[in-house]
Each structure stands twice: as C-alpha cells, then as structure tokens.
Amino acid sequence: MSPINKIKLNKLRKSLDKLDNSFIKLVKKRTTIVKKVLKLKENKSQIVDKKRIKFILNQVRKKSIKNKIDPKVTNRIWKNMILSYIDFERRNFKKK
C-alpha cells in the first residue's frame, strides 16, 4: 500500500471509529428502552413477537432500498440485533 493510501486508510478508520462510538451510545439507549418493554411483559412467551419482527425487517428492507444501502447487510444487522435482544430479554425476564 502506498504511503498516501495508508494515510487515507487511517483517516477512514478514524471516521469508522467515531461512528462506532456513536453506535454504542445508540445501543445503550435501545437497551434502556428494551428493559422498559420487558417490565411490561407478563409471560416469557411474550418476548418473541414474530409479527412485529417481520414488520421491522420489512421496514428495514424498504428504508435500505430507498437509501441505496444493500438490504442484505441491513437485514443481517437487524436480525442479529433482534436475536441478541431476544436473548437479553430471556436472560433478564423476571416472573411477576
């Protein structure tokens, strides 16, 4: 790699790091909301809402296409996020 490209690469990586830091803050906010949602659920069976998951993934696909983002990438990100939060809810569910 040329020295100029190395400099460009480092600059781009710093931009990515900055975005990642912003993303971490968003994940924290999302987690706070998920905790509130979980408190409202009375049964563990309410954790997975297939209809809502389908709706969310459909919306993500539409928004991805509209914003010229590869929908396969966003679908994977959202699916993994949803599965991670399902796991989080199952681990933190407190029977009332």
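The structure is a predicted model, in which local features need pLDDT of at least 70 and side-chain atom pairs count only at pLDDT 80 or more, while totals for chains, interfaces and linings use all residues. Residues are numbered from 1 along each chain as its sequence is written, and side-chain values use heavy atoms, with hydrogens and water left out.

The secondary structure comes to three helices and zero strands, where helices (H or I, at least four residues) and strands (E, at least two) are DSSP runs numbered from the N terminus. Along the sequence the pattern is α-α-α. The radius of gyration of the chain is 18 Å, well over the 12 Å given by the globule rule for 96 residues, so the chain is more spread out than a compact globule. This radius is taken over C-alpha atoms, and the rule is 2.2 Å times the number of residues to the power 0.38. Along the principal axes, the C-alpha atoms fill a box of roughly 60 × 25 × 15 Å.

Of the 96 residues in the chain, 18% are buried; buried means under 20% relative accessible area, exposed over 50%, and partly exposed in between (1.4 Å probe, protein chains only). The chain exposes about 8800 Å², with 59% of this area supplied by carbon and sulfur atoms. Accessible areas come from the Shrake-Rupley method with a 1.4 Å probe, and for residues only the protein chains shown count as cover. Among contacts (heavy atoms within 4.5 Å) with a separation of 6 or more, residues 24 or more positions apart account for 71%.

Helix H2 comprises 17 residues (50-66), and at 1.5 Å a residue it should span 24 Å; its end C-alpha atoms are 24 Å apart, which agrees. The expected span is 1.5 Å times one less than the number of residues. The buried residues of H2 are Ile56, Leu57, Val60 and Ser64. They cover an arc of only 95° around the axis, which puts them on the same side of H2; the arc is that of the directions from the helix axis to the C-beta atoms. Lys51, Lys54, Lys62 and Lys66 are exposed on the other side of H2. Helix H3 (71-92) is included in what covers the buried residues of H2.

Lys68 is found in the loop between H2 and H3. Its phi is near 55°, a positive value in a residue other than glycine. Lys68 is exposed, with a relative accessible area of 79%.

The structure holds one aromatic pair. The ring centres of Tyr85 and Phe88 are 6.2 Å apart and their planes lie at 75°, so the pair is edge-to-face. Rings of Phe, Tyr and Trp (its six-membered ring) pair if their centres lie within 6.5 Å; planes under 30 degrees apart count as stacked, over 60 as edge-to-face and the rest as tilted. Tyr85 and Phe88 are three residues apart in helix H3 and are therefore separated by about one helical turn. Both Tyr85 and Phe88 are buried.

Glu89 also lies in helix H3 and is buried, with a relative accessible area of 7%. Not counting residues up to four places away in sequence, Glu89 touches Val34, Leu38, Lys41 and Ile47. Ile7, in helix H1 (residues 3-40), counts as exposed at 60% relative accessibility.
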